[in-house]
Amino acid sequence: MRYPETKLPKVGTTIFTEMSQLAAEHGAINLSQGFPDFDGPLALLDRVTYYLENGANQYAPMIGVPSLRNAIAVKAERLYSCQVNVDTEVTVTSGATEALFAAISSVVTPGDEVIVFDPAYDSYEPAIELNGGKTVHLALQAPDFAIDWSQVATAMTDRTRMIVINSPHNPTGSVLSESDLDQLEALLKRTDILLLSDEVYEHICFDGEHQSMLRRPELAKRAFVVSSFGKTFHTTGWKVGYCIAPEPLTREFRKLHQYLTFCTVHPIQLALADFMNDFPEHYLELPAFYQQKRDLFCQLMAGSRFKFVPADGTYFQLMDYSGISEHSAKSDVEFARWLTSEVGVAAIPISVFYETAPEQKLVRFCFAKDDATLKRAAEKLCKI
């Protein structure tokens, strides 16, 4: 029998899976994949147990339970002064990755171009290609990894369907400024270009407010805004996210969503709604919580041979290993594997997020870990 050719020839096992498996094989401290090594709030876990034991174990509504959609709308208005319709503009999804795929699939057609910024999260391009679109890669430049809006203007054509924005940015930790939103708004005026705004780290933004697309009516009216409860509530394994978009875009989005997962786990949705209503201080205090971890990790790494600039957002920190002369000739993939197997700390190489590998020698560490874990990891890294 002859099997069909692959639809994703450039895709193999993700780097996250590879590095986590390597960490497990070598008993290394896993600072690669972006998940905490501590649990979610006890009050939230208790509410899940409550709903599990009280009958919320059948299908949830396809668009999400009303109480959770309402809590999302309350948060959007509180933080971004954006009023959204809970019935026609908010959809709960089985993780942000599902939301990203549904958003791209609902509007990208063969021949469309989608602009992404490298290093780009690895789920964007496969979704674009599966829908016949072309990914247009624009590279962000170290050390600040800001968007060059003149490059964007040059890359925009009459075939540009969408621009994918990610802020706070994974893997670099950079964030958009008010000026960035000004320039984006000016560029898109008098165009029909859509936005996919990946804002899963919206509550992990240091030294300033998160610049959501929802803050700007002119941007919000053309945007799918995607976020994640897993990142906010330390429960990445639950895979619950959501998408806010204007009604015409939401209508198309839901056509895809209903055939991808139909609905998202029922008791967890109800528990999240209760917790958001009862403990809004959790997401309000999250920036300070993670800034303490960032500062601790950077302080501990100050005595190492790595060079770095503290991240402006997310729970990731880039480190430059070019000053470690005996290993600087290694590619970042080789260096990350060596770190895991020989030093005992797993990291993510940055080149895997690029169409064309950069010259920088950078790896990404996740600091969403207990302080004791960060201290053990830094001790190993400082011995290199």
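In which helix is Lys231 found? Let me begin there, with the reminder that what we are looking at is a predicted model. Lys231 sits in helix H9, which covers residues 229-233. A salt bridge here requires the side-chain nitrogen to be within 4 Å of a carboxyl oxygen. As for what does surround this lysine, once its neighbours within four places in sequence are left aside, Lys231 is in contact with Val200, Tyr201, Ile204, Leu286 and Tyr315.

Let me turn to the charged pairs that do form. Side chains of opposite charge can pair when their charged atoms come close. The structure holds 18 salt bridges, and I will take three of them in turn.

In one of them, Glu129 pairs with Lys10, with 3.1 Å between the closest N and O atoms. Because Glu129 belongs to helix H5 (residues 124-130) while Lys10 lies in the segment before helix H1 (15-26), this pair ties together parts that are 119 residues apart in sequence. Glu129 counts as partly exposed, at 26% relative accessibility, whereas Lys10 is exposed, with a relative accessible area of 60%. These two residues also belong to a network of salt bridges that links Lys10, Glu125 and Glu129.

Another salt bridge joins the side chains of Arg47 and Asp274, at 2.9 Å from N to O. Here Arg47 is in helix H2 (residues 42-52) and Asp274 in helix H11 (residues 266-278), so the pair ties together parts that are 227 residues apart in sequence. Arg47 is partly exposed at 27% relative accessibility, while Asp274, with a relative accessible area of 17%, is buried.

Finally, is Thr373 buried or exposed? Thr373 lies in helix H14, residues 371-381, and it counts as buried because its relative accessible area is 11%, under the 20% limit. Apart from its neighbours within four places in sequence, Thr373 is in contact with Ile29, Leu31 and Asp37.

Notes
Residues numbered from 1 in each chain as written. Predicted model: local features only at pLDDT ≥ 70, side-chain atom pairs only at ≥ 80, totals over all residues. Heavy atoms only, no water. Helix = DSSP H or I, 4+ residues; strand = E, 2+ residues; numbered from the N terminus. Contact = heavy atoms within 4.5 Å. Buried < 20%, exposed > 50% of the residue type's maximum accessible area, 1.4 Å probe, protein only.
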